[in-house]
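Thanks for coming, everyone. I'll keep this short. Please have a look at the screen.

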Amino acid sequence: MADDASNRSGVQLYRTMRRIRTFEERVGELFVRQETAGSMLHLSIGEEGAAVGVGAVLRDGDSFTTHHRGHGIFLARGADPNRMMAEIAGKAAGYCAGKGGSMHIADMALGHLGANAIVGGGIPAVVGAGLSYRHHRKPNVSVAFFGDGALQQGILYESMNMAALWRLPVLFVCINNQYGMGTRIDHAAASLAFDERARSFGLLGEIVDGSDVEAVRQAADSLLAAARGGRAGFLAIDCFRFYGHARMDKSPYRSAEEEAAGRARDPLARQHARLVGDGVASEEDLAAIDSAAAAEMDAAVDFAIAAERPEPAALFRDVYGPDQPPPVPLAERLDRVLGARR
Ligand SMILES: Cc1ncc(C[n+]2csc(CCOP(=O)(O)OP(=O)(O)O)c2C)c(N)n1
Ligand SMILES: [Mg+2]
């Protein structure tokens with residue numbers, strides 16, 4: 001879906017953001033219905049402008065990694081909501097046959113090199129991907145998406161240095177939602193001029209308002225063009241995590257005023273107002289997009305709940321390398337070890 005003009009149009013940006021938000025609302029419902037495979041779910045509601053603004057200007061064949069809050073990014077790159085929801089439910093029809101879950105989805109066909117739950121953990125992989133593109137003279141870029149928590153991780157700076165030094169087609173995208181768990185960014189970083197940090201490494205560096213999806217798209221477009229030419233870049237997208245860190249977090253560390261101000265920075269509401277105000281779409285047009293997204297994501301929940309669980313025999317499939325002997329299943333090993341005593 002990636003690089004045609006219609007994918008970049010304002011209405012399409014709105015549609016993708018709505019699909020992401022509705023998907024995540026349904027993930028919340030899946031959790032309440034006790035149908036998710038794990039208890040850790042990180043929703044990116046409020047951050048859709050980041051995922052969609054960058055996702056819309058990536059091309060087929062480009063690659064990316066995400067942090068633990070990556071549902072929206074993968075959807076923006078064309079993920080099938082049925083397979084995603086099934087993965088979150090731990091079902092065999094999921095992207096990783098139910099083994100990855102919410103925080104470890106990957107799909108090489110769509111360029112998703114992997115979500116990673118270790119803060120900063122997905123960043124160095126894009127340097128490797130960028131090196132491979134340069135080596136094989138491919139026109140692609142690789143993008144690392146990570147949270148503001150990774151700004152205080154050394155691996156980011158090792159990766160930024162290498163990408164700049166070797167002139168790799170790489171973009172570092174920090175989704176700054178103001179919080180790393182319960183710690184606000186200004187309690188974690190002495191300077192918030194993250195673009196300057198990047199420039200001091202020899203990268204192009206920018207900060208953009210994540211509540212404005214069109215501004216994110218524009219900033220990402222020019223940084224990606226530079227990255228394809230060997231000038232690596234860094235983009236900090238300023239936004240707000242509407243809800244708690246994970247499902248059980250009610251954000252007791254934030255005041256009601258702060259939450260209200262943050263939620264007023266809603267990328268969907270802003271794009272909605274822009275499209276209607278500019279006469280590009282009517283209220284009815286956008287309501288029709290909203291209902292189509294609701295129907296699509298309701299169907300994804302039904303699909304995930306009805307899907308089959310993986311066979312026990314699939315436990316070790318796709319986990320070990322082809323030249324590694326598969327581990328002996330536990331029951332069999334126990335039988336062997338304890339057999340004599342049974
Ligand atoms: C190296 C490491 N340290 C600590 C954690 C625990 N942890 C999980 S998420 C998180 C906060 C991450 O914040 P941020 O990077 O801003 O992403 P966000 O959750 O806001 O999207 C922390 C500290 C971890 N997963 N990995
Ligand atoms: Mg954060």
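How many helices and strands does the chain have? There are 13 helices and eight strands. Keep in mind that this is a predicted model. The C-alpha trace spans about 75 × 50 × 40 Å along its principal axes. Buried residues account for 46% of the 342. Now the contacts between residues at least 6 apart in sequence: 74% of them join residues at least 24 apart.

On to the core. The largest nonpolar core has 86 residues. Which of them touch the most other members? They are Val-143, Val-170, Leu-171, Val-173, Cys-174, Leu-235 and Ile-237. Take Cys-174. Leaving aside residues up to four places away in sequence, Cys-174 touches Phe-146, Asp-148, Ala-150, Leu-151, Phe-194, Ala-236 and Ile-237.

Next, two helices, H11 and H12. H11 covers residues 267-277. Its buried residues are Pro-267, Leu-268, Arg-270, Gln-271, His-272 and Leu-275. They pack against H2, H3, H9 and H12. After H11 comes Gly-279, with a positive phi near 70°.

H12 runs over residues 283-306. Buried in H12 are Leu-286, Ile-289, Ala-293, Met-297, Ala-300, Val-301 and Ala-304. The buried residues of H12 pack against H2, H5 and H11.

Now ligand 1. Around ligand 1 there are 17 residues. Arg-69, Val-119, Gly-147, Gly-149 and Gly-180 come nearest. By class, the shell has six nonpolar, eight polar and three charged residues.

Last, some backbone angles. Most residues other than glycine have a negative phi. Gln-178 has a positive one, about 80°. Gln-178 sits in the loop between strands E4 and E5. With 18 other C-beta atoms within 10 Å, Gln-178 is partly exposed. Ser-251 also has a positive phi, near 55°. Where is Ser-251? Ser-251 lies in the loop between strand E8 and helix H10.

Technical notes. Residues numbered from 1 in each chain as written. Chains lettered and ligands numbered in written order. Predicted model: local features only at pLDDT ≥ 70, side-chain atom pairs only at ≥ 80, totals over all residues. Buried ≥ 20, exposed ≤ 12 C-beta atoms within 10 Å, placed from the backbone. Helix = DSSP H or I, 4+ residues; strand = E, 2+ residues; numbered from the N terminus. Contact = placed C-beta atoms within 7 Å. Near = placed C-beta within 6 Å. Nonpolar A, V, L, I, M, F, W, Y, C, P; charged D, E, K, R; others polar. Core = buried A, V, L, I, M, F, W, Y, C linked by C-beta atoms within 7 Å.
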